[in-house]
Amino acid sequence: KFTYDFIEAIKSNTISKFTNKYRNVDCLLIDDIQFLAGKHSSQEEFYNLFNTLKDSDKQIVIASDRPQNKLEIEEKLISRFKWGNTVDIQQPDLETRIAILKQKANDENIAISEDIIIYIAKKINNIRELEGSLLRLAAFFKFTDTPFTLDEVKKILKDMIVD
């Protein structure tokens, strides 16, 4: 969104509106910072924004799917990131995946047995895929009026599960 907004501001000659928008936030949350790779102008603008927010004691949260030393962005940005706290978040363990599935099933009013939840949790590690598998199952069983069985679940999720 940051890069898109920046490009649109350049195209429409509204840079001051862009900078006011981003420099007057209390907290800036940037996901997928690795997408700034190869975008020199966006990196430069983000560098200036970062400094402005830091100098104003604002919160900056940056997420990436790779560690800082693997980001292909300018070193001056990497050095700014090192000012903060770096946390490596790993895939959830089995117990957490089971809890996520149970909560999602409860939230979506999906009646699913414990053995099927455990099967899915053992086979899928990614949280988005966990939730997606549950929603896929719910839709299938709702529209086909078929009962939840482990064999049916295996067939429906065969493209998501690698044995």
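Reader: Ala, Val, Leu, Ile, Met, Phe, Trp, Tyr, Cys and Pro count as nonpolar, Asp, Glu, Lys and Arg as charged, and the others, Gly among them, as polar. On that basis, how many residues lining the second largest pocket are nonpolar?

Author: The model is predicted. In it, the second largest pocket holds about 200 Å³ of space and has 13 lining residues. One of these is polar and three are charged, and those that count as nonpolar number nine.

Reader: Which element gives the most to the lining of the largest pocket?

Author: The largest pocket has a volume of about 1,300 Å³ and 33 lining residues, with Ile62, Ala63, Ser64, Val87 and Ile89 nearest its centre. Helix H3 (40-55), S2, H4 and H7 each give two or more residues to this lining. With four residues, the top contributor is S2.

Reader: Is Gln68 buried or exposed?

Author: Gln68 sits in the loop between strand S2 (59-62) and helix H4 (75-81). Beyond four places in sequence, it touches Ile78, Phe81, Lys82 and Thr86. Because its relative accessibility is 18% and the cut-off is under 20%, Gln68 counts as buried.

Reader: Which residue's side chain makes a polar contact with that of Gln68?

Author: Thr86 is among the residues that Gln68 touches. The polar contact between side chains spans 2.8 Å, and the partner of Gln68 is Thr86.

Terms used: Residues are numbered from 1 along each chain as its sequence is written. This is a predicted model: local features need pLDDT of at least 70, side-chain atom pairs count only at pLDDT 80 or more; totals for chains, interfaces and linings use all residues. Side-chain values use heavy atoms; hydrogens and water are left out. Buried means under 20% relative accessible area, exposed over 50%, partly exposed in between (1.4 Å probe, protein chains only). A polar contact is a pair of N or O atoms within 3.5 Å; within protein, one must be able to donate a hydrogen and the other to accept it, and residues adjacent in sequence count only if both atoms are side-chain atoms. Contact means heavy atoms within 4.5 Å. On a 1 Å grid over the protein atoms alone, a cavity is a set of points where a 1.4 Å probe fits but cannot get out, and a pocket is an open set with protein on both sides within 12 Å along at least five of seven lines; lining residues have an atom within 4 Å of a point. Grid points are joined across faces, edges and corners, and a volume is the space filled by probe spheres set on the points.
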